[in-house]
Amino acid sequence: MGSKNVVVFEDFFPAMVEKLGAEGFMKELSNGFRLLVDGDKGVITFESLKRNSALLGLKEMSDEEATCMLREGDLDGDGALNEMEFCTLMLRLSPELMNHSRKLLVEAIVNF
C-alpha cells in the first residue's frame, strides 16, 4: 500500500493575528495573494498557483490539490480566485480563526 502526498496545513494564523493584529494579518494575506496571482489576469489561476506555490512551501502540491483549492475558494464560479476569495478561503482554513471570525471581521473593517 503506497502513501499519498498530503499537504499538511499547520495553523499559524491565530499566532499571526495575535502578533500583527487584524489589519496587519489582512495585509499579510494580501501579500500572499500577490505571490500567487497571475500578473496578467489579476487573479490566482490554476497555472499561477502551480507555478508559484513553491514560494509558500507547497512545491509538492499536486494538480488535484490545486484544483480542489481553486474550486473550494471560487465563490463566483469563474475558475479563479480574486483577492477577496483568497482571503476568505485562507480564513476558512483556520478552525481557530473561524471561531473568532466575527470579531476579526469587525476589527479588520474598522481598520482597513
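Author: Helices (H or I, at least four residues) are DSSP runs, numbered from the N terminus. This is a predicted model, in which local features need pLDDT of at least 70 and side-chain atom pairs count only at pLDDT 80 or more, while totals for chains, interfaces and linings use all residues. Residues are numbered from 1 along each chain as its sequence is written, and side-chain values use heavy atoms, with hydrogens and water left out.

Reader: In which helix does R92 lie, and is R92 buried, partly exposed or exposed?

Author: R92 belongs to helix α4. Buried means under 20% relative accessible area, exposed over 50%, and partly exposed in between (1.4 Å probe, protein chains only). Because its relative accessibility is 36%, R92 counts as partly exposed.

Reader: With which side chain does the side chain of R92 make a polar contact?

Author: A polar contact is a pair of N or O atoms within 3.5 Å; within protein, one must be able to donate a hydrogen and the other to accept it, and residues adjacent in sequence count only if both atoms are side-chain atoms. At 3.3 Å, the partner of the R92 side chain is the side chain of E72.

Reader: Is S53 buried or exposed?

Author: S53 is found in the loop between α2 (46-52) and α3 (63-73). A polar atom of its side chain lies 3.4 Å from the backbone oxygen of K50. Since the relative accessible area of S53 is 2%, the residue is buried.

Notes:
Helices (H or I, at least four residues) and strands (E, at least two) are DSSP runs, numbered from the N terminus.
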